[in-house]
Amino acid sequence: MSTLIADALREQAVSWFTHLRPRWVDIIGSYAGKELFLVDGDALVQVVLDDELLRLGRANSCDWQIAHAYWSVEATLHELRKRGAEFHIAFFKSNRPLAIGTSINSWIASARSLAHRTLSAYIHSLDFEVYDFENTRDEEWKEYVFFNKPLFILTNDHSLGDSTKDEKIQAANLLHRAFMKDMHDEGILVGSLRDIDFRDSQANTFLYDRKHKLEKPFPSFVEKGIHHAHEMILDLMEVDPDDFEDEDEEGNPVRADDVPAWPERGIRHYFSQLSGTPSPPQLALAYTFLAHVRLLDTIDLDLRAQPPSTLPPSLVKIVTEGFLPTIFQTLEETMPTDVDEPLQVDGRIYARLVESLIKPGVERSAVLGSGIAAAIDSIWKELELPPVDFGALAQLASGSSSAADASPERVAEFHEFALYEFSCEVLDENLSSVEAPVKAPNTFLSVPEPLHEFSDSTVFARTKRQLAFRSPLPKHLGGEQAKPKDRYGMMKLLRKNQRDMVHIERQANSLTGAKGSKLEPEVIAPVGDKAVNVSVANVVAPKVESPAETPEVKGAKGKKHGAQNSVASSVASSPAPAGGKGKKAGGKKEKEPVLKSADKLRMQIESQKKAKALEDGESWWKNRLDDLKNIPELKERIEMIDLQLRNNKRVESDSKLAANVWLYRINCECWHWIENPSRLEPDVKDKY
């Protein structure tokens with residue numbers, strides 16, 4: 001069977017998987033946006049349980065801290081949600097064995113199985129849309145894909161471990177790749193959930209496109225290998241949820257009513273399933289388990305951060321191979337329907353409690369507290385169990401066999417050493433109470449001999465290339481501005497500045513004011529010495545009363561007649577500013593600038609535009625007045641005028657027209673106050 005699975009995995013990799021070429025993309029900002037995608041719930045649980053920092057279900061340890069796993073699941077989903085992602089969570093029953101793992105250790109398998117059940121139930125209770133499917137051939141899955149059309153799915157492409165040596169890892173990898181191939185066949189892309197990196201506003205991961213198409217289908221032995229791999233992974237599962245029953249032989253419900261009553265129901269079910277009388281070690285371990293569950297209700301979460309226990313290896317073996325796997329199986333059987341809070345089980349607290357209770361001469365009430373000890377004793381009497389004797393566990397912990405296996409406890413040793421003298425005006429007063437042996441300042445016993453004796457000759461010679469000095473800081477942080485070295489560099493810098501100005505101007509054109517209208521650029525006139533050299537073409541021409549008074553342009557080379565000559569003469573005859581540079585008062589007049597024909601033409605065009613705008617504004621306001629007269633309600637008139645003042649560019653550009661509109665607006669407001677029957681009340685006066 002192992003050869004068949006290895007051959008199927010190799011054929012799958014050569015023909016399809018190695019040709020996928022995944023790319024590193026931002027799956028939310030640059031790819032999905034507001035499109036719907038899926039998160040594989042089993043893959044999410046697998047990534048959380050595979051975290052090396054999570055002490056849950058590890059060999060040679062009793063640690064099982066589910067609170068950290070809950071936080072990891074919530075953190076991953078929160079990172080996706082706060083980036084505005086639209087996603088659903090899907091659980092596939094065929095992928096559950098992959099999340100539990102391929103370990104043959106009953107303790108690791110049962111610990112991960114219980115964690116998977118509790119985490120998946122907790123995810124169902126969160127504010128997400130969660131779906132459950134049998135496999136990728138399920139009719140409900142086909143219907144979901146047809147109606148929702150998810151863009152891609154975040155899942156795993158492999159399991160951790162060396163697949164060249166472990167056939168179980170090969171089987172798991174083969175099933176992972178088969179799941180990916182089924183997703184591609186459905187038209188759904190695959191993203192790696194294990195490699196996702198949340199940074200700033202991005203969520204980067206590897207995305208497997210379905211660009212590569214198989215030239216021919218997989219050989220028949222690939223499907224056989226997938227079938228054998230699925231059977232191998234199922235055989236590793238200690239517990240199958242489908243085998244659980246809701247009622248026991250007496251007709252009593254097996255499942256707990258809620259999460260707080262869950263562990264106690266599990267202990268009761270554990271003793272009901274025993275064929276014979278429980279042994280003294282089993283009684284002691286079960287009593288401690290009940291006590292640690294009650295104790296967790298009274299301590300804060302931060303107090304659970306305890307160092308690992310120092311139980312003897314033989315006792316750890318009894319706990320992890322004989323007791324906890326069976327207890328965890330019963331906890332899965334008695335799991336309540338709704339799990340909306342973490343299970344009150346902590347393997348590290350449990351091990352520390354066992355370590356404290358097996359010490360000779362220790363009273364249970366002194367360790368647990370009188371209230372918890374009395375509550376556990378009452379449950380013990382209700383179950384009609386014999387008294388608990390922790391001496392049996394103490395004998396196992398101090399037995400000859402365990403003493404041979406146990407390694408001596410390492411004790412940290414502190415070797416006193418001398419320090420060099422230290423003095424600081426700020427810290428001398430605070431460090432005055434510290435007493436430590438110090439060395440004399442002229443002795444350097446701990447300093448090694450120099451590796452090289454420097455003589456007069458230089459060791460590091462400067463190369464011929466003279467490097468230019470560059471400031472380590474950029475210009476905006478106080479450094480020097482980099483100067484181009486040649487004409488090519490100057491032109492390159494000029495083009496860069498021009499491109500920057502184009503970008504800034506394009507962005508400025510998209511700005512709007514408080515009224516929602518587009519902002520117009522304003523020219524800032526030069527001041528100071530630069531104002532003397534301003535061209536006369538930039539001088540605004542005087543306003544013209546009527547366009548009929550402006551004659552047409554006749555003749556070649558910009559010659560003009562009539563009113564334009566008067567405009568030009570008026571500009572030319574305007575008195576020059578007195579007190580010019582280098583001129584005394586009453587001295588010779590400066591020569592007046594001569595207008596060019598192009599400047600005169602520009603002035604004429606500008607005056608025509610202004611006259612045309614003035615005439616159009618007056619006619620527009622007359623038409624608006626006629627329209628306003630047809631509106632009987634003053635309130636509607638005021639709303640119409642406010643709309644014109646807010647969004648009309650004609651009113652914004654013509655100050656005279658704006659003054660007329662505002663005067664009419666004030667007049668309407670006054671009449672509106674006069675017509676108000678409650679106009680003399682203080683609140684109404686303040687309103688107007």
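Which residues have the most contacts inside the largest nonpolar core? In this predicted model, they are Trp-64, Phe-289 and Phe-328, and the core to which they belong has 87 residues. Helix H11, which spans residues 280-296, supplies the largest share of this core, with 10 residues. Another core lies apart from it and has 18 residues, including Trp-16, Leu-36, Val-145 and Ile-188. When residues up to four places away in sequence are not counted, Phe-328 touches Trp-64, Trp-107, Ser-110, Ala-111, Leu-114 and Val-345.

The protein as a whole has 688 residues, of which 35% are buried. Its secondary structure consists of 24 helices and 10 strands. Among contacts with a separation of 6 or more, 75% are between residues 24 or more positions apart.

Helix H11 meets helix H15 (residues 370-382), and the two axes come within 10 Å and cross at roughly 130 degrees. H11 and H15 are therefore oblique to each other. The crossing of H11 past H15 is right-handed. On the H11 side, the contact is made by Leu-283, Ala-286, Tyr-287, Leu-290, Ala-291, Arg-294 and Leu-295. On the H15 side, Ile-372, Ala-373, Ala-375, Ile-376, Asp-377, Ile-379 and Trp-380 take part. By class, the residues of this contact between H11 and H15 are 12 nonpolar and two charged, with no polar residues.

Helix H4 (residues 66-81) packs with helix H6 (residues 106-125), their axes coming within 11 Å and crossing at roughly 40 degrees. That angle makes H4 oblique to H6. The crossing of H4 and H6 is right-handed. In H4, the residues in contact are Ile-66, Ala-69, Tyr-70, Val-73 and Glu-74, and in H6 they are Ala-115, Thr-118, Leu-119, Tyr-122 and Ile-123. The contact of H4 with H6 divides into eight nonpolar residues, one polar and one charged.

The crossing of H8 and H9 is left-handed. From H8, the contact involves Glu-167, Lys-168, Ala-171, Ala-172, Leu-174, Leu-175 and Ala-178. From H9, it involves Gly-225, Ile-226, Ala-229, His-230, Met-232, Ile-233 and Leu-236. The residues of the contact of H8 with H9 comprise 10 nonpolar, two polar and two charged.

Thr-76 is located in H4. Thr-76 counts as buried because its relative accessibility is 19%, and the cut-off for buried is under 20%. Apart from neighbours within four places in sequence, Thr-76 is in contact with Leu-44 and Phe-198. His-269 is part of helix H10, which covers residues 262-273. With a relative accessible area of 10%, His-269 is buried. Arg-255 is 14 residues from His-269 along the chain, and the C-alpha atoms of these two residues are separated by 9.7 Å.

Backbone angles were also examined. Most residues other than glycine have a negative phi. Asn-60 is not a glycine, yet its phi is positive, at about 60 degrees. Asn-60 lies in the loop between helix H3 (41-49) and H4. Its relative accessibility is 75%, so Asn-60 counts as exposed, the cut-off for exposed being over 50%. Glu-384, also a residue other than glycine, has a positive phi near 60 degrees. The loop between H15 and helix H16 (391-397) holds Glu-384. Because its relative accessibility is 72%, Glu-384 counts as exposed.

Conventions. Residues numbered from 1 in each chain as written. Predicted model: local features only at pLDDT ≥ 70, side-chain atom pairs only at ≥ 80, totals over all residues. Heavy atoms only, no water. Core = buried A, V, L, I, M, F, W, Y, C linked by side-chain atoms within 4.5 Å. Buried < 20%, exposed > 50% of the residue type's maximum accessible area, 1.4 Å probe, protein only. Helix = DSSP H or I, 4+ residues; strand = E, 2+ residues; numbered from the N terminus. Contact = heavy atoms within 4.5 Å. Axes fitted to C-alpha atoms, helices over the stretch in contact; angles between N-to-C directions. Parallel < 35°, antiparallel > 145°, perpendicular 65-115°, else oblique. Left-handed = near helix turned anticlockwise from the far one by under 90°. Nonpolar A, V, L, I, M, F, W, Y, C, P; charged D, E, K, R; others polar.
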